[in-house]
Amino acid sequence: MNDLLELKGQFQHSKAQQPGAPELPRGQRVTAEKLRSLAADLTRIRDYWEEQDVSFDPLVSAHYRTVVAKSNRIRRVLGSDGNASGHIVGARFEGEGAETHHVITYCVAADVLDESIDVLATCANVVDERFAGAIDDEGLRRVNAGGLREDAGIKKSVFAQIIRDAHYVMRFDVKTVAREIDDWAVVSIYDVGYRDVRSFLAGLGFTLMPDRVLGNAVRLDADEYARLTFRYPYLVSMAVSDISLLTQDDFDIEGPEVASIPDPGDEPIIGVIDTPFDDRVYFADWVEDHNLIPEEIGTEYGDMAHGTAVTSIIVDGPSIEPDLDDGCGRFRVRHFGVAKGGRSSSFGFVRQVKDIVEQNRDIKVWNISQGSMLEIERNSVSPEGAILDDLQARFDDIVFVVAGTNQTTDGNQVKIGAPADSINSLVVNATGFSGRTASYSRRGPVLDFFKKPDVCAVGGDRDRAMHLCVGTGETFKSGTSFAAPWVARKMAYLMQVMGLPREVAKALIVDSAAGWDYEADRYRGYGQVPRRIEDVVETQNDEIRFFLTGTADEFLTYNYGIPVPIAKDKYPYVARATLCYFPNCDRRQGVDYTSTEMDLHFGRIDNRGKLKSLDNNRQGEEGYTTTEEVARKNYRKWDNVKHIGEAFTNSIRERKAYDTGMWGIKIRTTERGDKKLGRGMRFGAVITLKEINGVNRIDDFIQRCALRGWIVNRVDIQNRVDIYNAAEVEVDFDE
């Protein structure tokens, strides 16, 4: 087996080129009638808001033609300063299949509405008078090149942007319908300029205690929600039921099992947030128990089975289920009991998880095997998922491993449930011991796009259940709840024992699951994680696996000096690459949830010094354009996990080696907003090369890298374990 390699070197950075003048897509045109129609929409919206007589700025929803790229969103309409994007307060999808399109909500001042109406009317007159009622792409290019006559009454830059805006937007309206919820609800209020949502709602007649407010989200009872949606439906950005029906596990107890375990030492600690822990088990000394269920509610032994079973895998899984021995050893657990099962408050979960993580910063890996029976929403991440994403964006050294949730016996749940819609978390679905997708699996995607689950692991199924331990003895049960802890163990081993950054650890998990025969699967994610930790880290003798880490300090981050060995003027390899990063996320933005996009390119450097990416990704190249739909489908645009690769088949052939003799990696970083939240964001890239003739070229690769100025470290498992153990030894100095 070949060791994993760490390559340390310098990345180069460069800024983005400034965009050119606004243009229409080839063959497209905008009519004066379309411009006047948009002006009429805004006139009706202005009149509507005047009738409402409210103290905040108007909300306007723009319906776009398609799922629209950031660069093609309106700028001048609803943005007298040319920055309409700065007024976005939410986004959702409407339509199905090929008809799916963005609906983006803006909050703008009344005078901006008036100005937009006037400028649309002026542009319509220009199009009528000078372009016979319709301007096409050629006509707009002539305007950009030569301008407009002074008597046109509008600057050419404003005219060109209005024409482009009008092409991409279909119509404007106001969202005046909110979903019906007849129970407690978690409601997100559009940001209409308030500083404090509680005070804002108080001014509208809603008195809320502080513990019912978190950010722009509030917890309302059924009557309060009904009043809000009757009088102010347009303020509701999104609403979900606060009562989550938790997936249940009925444990069949076989009886007591005699087992023993040594005393805990300095093993890494994994955090578990679940039902309470039953300290009657044989491994109780390995668990620091925190039961957060209020005393007045109380906890019975039956409430503890699920959380105890999950923790049994993390502490001593290889002893309880030897067939799944992963080579990671044992782990200590800090266990937080937050739910009894059955009905649970989403809002309460959010508050508790936030407090738990903030107060336990020494824990790096968290396991959450609780999940909702309710399916995720199409246009919003759940409050539970959003808090996990926020915590992982704020704290750059933690990761959540989350169970993908199960179908109930009636099998009516198709999509995964909260919090498995967390984008930054590592979400795990289950297989049986045979490797087949578990019969109870639920699927993604999240927000119609994000790939969830990420991976899968053995969780048991009808043919064979998972062997577990609870307070009354051994038991057998199946579920994603018991697949996630096996992956949490591996993440903790990679991060805490081997000392790898979380971005690299996550990329290794995903890359090893995908392998050389990856096929997209909505139930399995990138594939099944190998059982043994050695198979996650090490490679076959004909493979070279290395990782790179860096920060996205500018638009472009790149290194074109990776010296892959050449044989007879050819590159005899197939290759794959996986990139992971943890972006800031904003639930208020609806489907436009992640703030930062890192676009991955990896491949050979040709004789012109250009990178030829494995997946033929040409985004950003001069003269090349693609639609948002294609960029999302083919290149996973806006997803925070990128995986590109080639299949290893009998028909594979060597590829041309260019005169440069180099391969390269390039990452383009773009932002949804103007705050550039991704600047300085860390990324981890794992790259694997397989020699198609079975030759081991790792030593040659290491030598070439050293000659190119790379610092190459072998990531030897045993060496890392020895270093960890030595670092954990307590040294007593005699006085």
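In which sense do strand β28 (residues 573–581) and β34 pair, and over how many bridges? The two strands pair in the antiparallel sense, over nine bridges. The views below are close-ups of a predicted model.

**View 1. Strand β34 and its pairing with β25 and β28.** Strand β34 spans residues 681–691 and is mostly covered, with ten of its eleven residues buried. Strand β25 (residues 543–552) pairs with β34 in the antiparallel sense over ten bridges. Within this pairing, F547 has V686 of β34 as its bridge partner. Strand β28 also pairs with β34 in the antiparallel sense. Here Y581 stands opposite F683 of β34.

**View 2. The largest nonpolar core, with L78, F159 and F172.** This core has 112 residues, and L78, F159 and F172 are the ones that touch the most other members. Helix α2, which covers residues 110–131, gives the most to the core: ten residues. In soluble globular proteins, nonpolar side chains tend to be buried together.

**View 3. The surroundings of F159.** Neighbours within four places in sequence are left aside in this view. F159 is in contact with C123, V126, V127, F131 and I135, and also with L140, V143, L148 and I154. Another core, of 73 residues, lies apart from the largest one. Its members include I313, A488, L508 and V536.

**View 4. The loop position of K415.** K415 is placed in the loop that runs between β20 (399–403) and β21 (426–431). Beyond its neighbours within four places in sequence, K415 is in contact with E375 and I376, with R442 and R443, and with P445 and D448. The C-alpha atom of K415 is separated by 37 Å from that of I544, and these two residues are 129 residues apart along the chain.

**View 5. Cysteines C469 and C107.** How many disulfides does the structure hold? The count is zero. A disulfide is a covalent bond between the sulfur atoms of two cysteines. For C469, the closest cysteine sulfur is that of C328, at 20 Å, which is too far for a bond, because a disulfide needs the two sulfur atoms within 2.5 Å. C469 has 6% relative accessibility and therefore counts as buried, the cut-off being under 20%. C107, at 10% relative accessibility, counts as buried by that cut-off too.

Conventions: Residues numbered from 1 in each chain as written. Predicted model: local features only at pLDDT ≥ 70, side-chain atom pairs only at ≥ 80, totals over all residues. Heavy atoms only, no water. Helix = DSSP H or I, 4+ residues; strand = E, 2+ residues; numbered from the N terminus. Contact = heavy atoms within 4.5 Å. Core = buried A, V, L, I, M, F, W, Y, C linked by side-chain atoms within 4.5 Å. Buried < 20%, exposed > 50% of the residue type's maximum accessible area, 1.4 Å probe, protein only. Pairing = 2+ DSSP bridges.
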